[in-house]
Structures are given as structure tokens and as C-alpha cells.
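Take a look at the charged side chains in this model.

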Amino acid sequence: MKLLTVNFLTCAVKSCKSSAAAFPLHFQDAEVERRETTYNPTFLQNILPRLDWSAIATTAAELGFTDLPTTKPEGPYETEEEQKTIRDLHTLLLETEVMEGKMVCGNCGHEYKIKEGIANFLLPNHLGESQFSSML
């Protein structure tokens with residue numbers, strides 16, 4: 001599971017939908033692996049405005065990546081330092097993958113296991129009841 005993906009995930013438990021503590025999910029017992037991908041600065045420049053920077057910073061810190069800038073980088077990314085930041089973000093967001101472990105909701109404590117880089121978001125019936133279950 002790429003770290004970029006985590007920035008778009010929240011707890012799937014119905015009671016957590018309105019809680020700010022349900023985002024971001026927090027990694028525990030994470031086994032991290034780096035898999036090189038083609039560097040694409042244009043993609044990063046286009047995705048950065050959509051990212052919740054405080055969630056990215058929280059996730060990065062929990063996994064031991066402490067070199068993240070305190071504020072979200074903003075274009076035009078022309079200086080050498082700005083380009084280095086974009087390259088570092090590429091490594092963190094697109095090349096860093098959590099292969100094993102779990103993500104935990106800060107609101108309800110539900111754990112989403114990660115196995116072979118894939119998170120299991122299927123909920124037990126008592127947690128994932130929908131409005132349609134009463135119709136059956």
C-alpha cells in the first residue's frame with residue numbers, strides 16, 4: 001500500500017463517518033519497503049493541492065520519516081531546493097509501501113490488517129451494517 005493512498009482513506013465504520021479522529025488512519029507494526037518507480041514531477045505537482053498535509057506529516061512521522069517540510073510545498077518548484085523536495089516526496093508517497101502491519105482508526109480503534117501490501121477494509125457485519133439491513 002503506497003503512502004499516497006493512505007491520504008485518501010478514512011475509517012469505514014459507520015459511527016466514525018462524522019468524527020475527525022477517523023482520519024488519518026494510524027500505522028502500527030508496519031513493515032515498509034521501497035519500490036522504485038519512474039519519477040514524475042508533473043504528477044506530484046498536480047496531486048499536492050489535493051493532499052491533506054497534516055495527515056501526510058502524521059503518517060510520515062509515525063513511520064519514521066522526519067525530513068518532511070512543515071508546510072505543504074507550493075509551486076513553481078524551480079529552485080534546486082524545491083526540486084529536491086519534490087523528489088523526496090516522490091520517494092515518500094509513491095515509492096514507499098507498507099507491506100505488512102495494520103492501520104488503526106483513532107476514533108473507534110478498529111484495525112485494518114495489511115498483508116502483502118493490501119489493506120483489508122471488509123468490516124464484520126456488526127460494524128458495517130447499512131441502512132438496507134433493516135429491510136431484509
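Is E95 buried or exposed? E95 counts as buried, because its relative accessibility is 3%, and the cut-off for buried is under 20%. Keep in mind that this is a predicted model.

Now look at the partner. The side chain of E95 meets that of R34 in a salt bridge, with 2.7 Å from N to O. This pair links distant parts of the chain. E95 sits in helix α4 (residues 80-95), R34 in strand β1 (residues 26-34), and 61 residues separate them. R34 is exposed, at a relative accessible area of 52%.

Side chains of opposite charge can pair when their charged atoms come close. The count for this model is seven salt bridges.

Move on to R35. Its salt bridge is with E33, and the closest N and O atoms lie 2.9 Å apart. Both partners are partly exposed: R35 has a relative accessible area of 39%, and E33 stands at 35% relative accessibility.

Next comes K102. This lysine forms a salt bridge with E111, the closest N and O atoms being 3.5 Å apart. K102 counts as buried, at 16% relative accessibility. E111 is partly exposed, with a relative accessible area of 34%.

Salt bridges link D29, K102, E111 and K113 in a network.

Methods: Residues numbered from 1 in each chain as written. Predicted model: local features only at pLDDT ≥ 70, side-chain atom pairs only at ≥ 80, totals over all residues. Heavy atoms only, no water. Salt bridge = Lys/Arg side-chain N within 4 Å of Asp/Glu carboxyl O. Buried < 20%, exposed > 50% of the residue type's maximum accessible area, 1.4 Å probe, protein only. Helix = DSSP H or I, 4+ residues; strand = E, 2+ residues; numbered from the N terminus.
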